[in-house]
Amino acid sequence: MFTPKLYQVDGDDWPLRVIERHPLAVLTSNGDPTPHATHVPVIAPPDAAGAPLPGMRLWTHMTRVNPHWQQLLADGGGPAKLVFHGPNGYVTPTLYSAPMVAPTWNYVAVHLEGVIRLAEDDETLTIVHTTAQTLEDRFGDGMPLAPSLEYHRQIVGAVGGIHFTVTKVEVMFKLSQEKDPEVQQRVIERFAGSGSGLHREVADTMRALRLGADER
């Protein structure tokens with residue numbers, strides 16, 4: 001991913017935050033005649049807490065009837081990429097107060113390059129069950145899913161578990177850094193007042209990166 005220096009952020013904290021808040025990623029790997037791309041939920045296993053993102057092993061899964069899985073099976077895993085989309089939103093040029101302007105889109109994205117290893121059946125059950133509980137705790141009502149373990153055991157034969165070991169991290173935080181603080185502040189206020197949770201997260205992220213007139 002081409003990332004101008006202006007839109008880069010330092011450290012693992014920001015990309016990890018994006019992955020945790022937006023865990024549905026696009027998994028891409030080689031295919032014929034074009035690369036395969038599948039939307040998959042991604043989590044870090046419990047023993048990865050505190051580890052640096054490069055070298056971290058992530059968990060995901062997909063249905064075995066997916067041709068993507070069949071290609072991974074034939075290849076024995078191999079190189080792949082995960083693409084995460086964070087908060088984003090359209091920026092109207094009316095916020096710029098200039099006669100000649102163009103609209104743009106503010107967004108956050110994280111790309112992870114890595115190597116896939118296909119999970120064994122017992123590992124896949126752990127991946128599926130842990131993913132379900134992790135996402136329920138994070139986004140649902142916190143329902144205990146231990147009683148569902150037997151059901152997960154029944155369906156896991158149709159699921160392929162995946163270990164994804166991260167080898168490279170790329171991040172793009174394109175959040176009006178090229179504009180002056182007053183314009184950034186207007187962008188923040190526009191997103192903060194939106195009815196969209198994604199838009200409000202854009203505003204929160206810009207503030208956290210100390211953008212805007214109020215942060216100077």
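Which residue of E6 is the bridge partner of His61? The legends below begin with that pairing. The model is predicted.

**View 1. Strand E3 pairs with strand E6.**
In E6, Gly161 is the bridge partner of His61. Seven bridges join E3 to E6, and the two strands run antiparallel. E6 covers residues 159-174. E3 covers residues 57-63. Five of the seven residues of E3 are buried, so the strand is largely enclosed by the rest of the structure.

**View 2. Six strands form an open sheet.**
The strand order is E2-E1-E4-E5-E6-E3, and the pairing is antiparallel. E2 and E3 stand at the edges. Each edge strand has a single partner, so one side of each is left without a neighbour in the sheet. On average, neighbouring strands of this sheet are turned by 35° against each other, direction ignored. Between E1 and E4 there are four bridges, and these strands run antiparallel. Val26 has Val83 as its bridge partner in E4.

**View 3. Helix H1 packs on the sheet.**
H1 touches E4, E5 and E6. Its direction makes about 85° with that of E5. Which residues of H1 are buried? They are Trp14, Pro15, Val18 and Ile19, in a helix that spans residues 13-21. These residues cover an arc of only 135° around the axis, which puts them on the same side of H1. An α-helix has 3.6 residues a turn, so residues three or four places apart point the same way. The cover over the buried residues of H1 includes E4, E5, H3, E6 and H6. Among these, E4 is 78-91, E5 is 104-118 and H3 is 121-139.

**View 4. Helix H6 lies across three strands.**
The strands are E4, E5 and E6. H6 runs at about 95° to E4. H6 is also part of what covers the buried residues of H1.

**View 5. Helices H5 and H6 pack against each other.**
H5 spans residues 181-192 and H6 spans residues 197-208. Two packed helices are described by the angle between their axes and the distance between the axes. For H5 and H6, the angle is about 145° and the axes are 7 Å apart. H5 passes H6 in a left-handed crossing. On the H5 side, the contact is made by Gln184, Val187, Ile188, Phe191 and Ala192. On the H6 side, it is made by His199, Arg200, Val202, Ala203, Met206 and Arg207. Seven of the contact residues are nonpolar, two are polar and two are charged.

**View 6. Asp32 and Pro33 are joined by a cis peptide bond.**
Omega for this bond is near 10°. Where does Pro33 lie? It sits in the loop between E1 (24-29) and E2 (36-41).

**View 7. Ser176 and Arg210 have positive phi.**
Ser176 is not a glycine, yet its phi is about 65°. This serine lies in the loop between E6 and H5. Is Ser176 buried or exposed? Ser176 is buried, with a relative accessible area of 1%. Arg210 is not a glycine either, and its phi is about 60°. Arg210 is found in the segment after H6. Arg210 is exposed, with a relative accessible area of 52%. The cut-off for exposed is over 50%.

**View 8. Leu6 lies in the segment before H1.**
Leu6 is partly exposed, with a relative accessible area of 44%. What does Leu6 touch, not counting residues up to four places away in sequence? Its contacts are Gln177 and Glu178. Phe191 is 185 residues from Leu6 along the chain. The C-alpha atoms of Leu6 and Phe191 are separated by 21 Å.

**View 9. The whole chain has six helices and six strands.**
From the N terminus on, the elements run α-β-β-β-α-β-β-α-α-β-α-α. The chain has 216 residues, and 45% of them count as buried. Taken along the principal axes, the C-alpha atoms fill a box of roughly 60 × 40 × 30 Å. Of the contacts in the chain with a separation of 6 or more, 74% come from residues 24 or more positions apart.

Notes. Residues numbered from 1 in each chain as written. Predicted model: local features only at pLDDT ≥ 70, side-chain atom pairs only at ≥ 80, totals over all residues. Heavy atoms only, no water. Buried < 20%, exposed > 50% of the residue type's maximum accessible area, 1.4 Å probe, protein only. Pairing = 2+ DSSP bridges. Axes fitted to C-alpha atoms, helices over the stretch in contact; angles between N-to-C directions. Left-handed = near helix turned anticlockwise from the far one by under 90°. Contact = heavy atoms within 4.5 Å. Nonpolar A, V, L, I, M, F, W, Y, C, P; charged D, E, K, R; others polar. Arc of directions from axis to C-beta.
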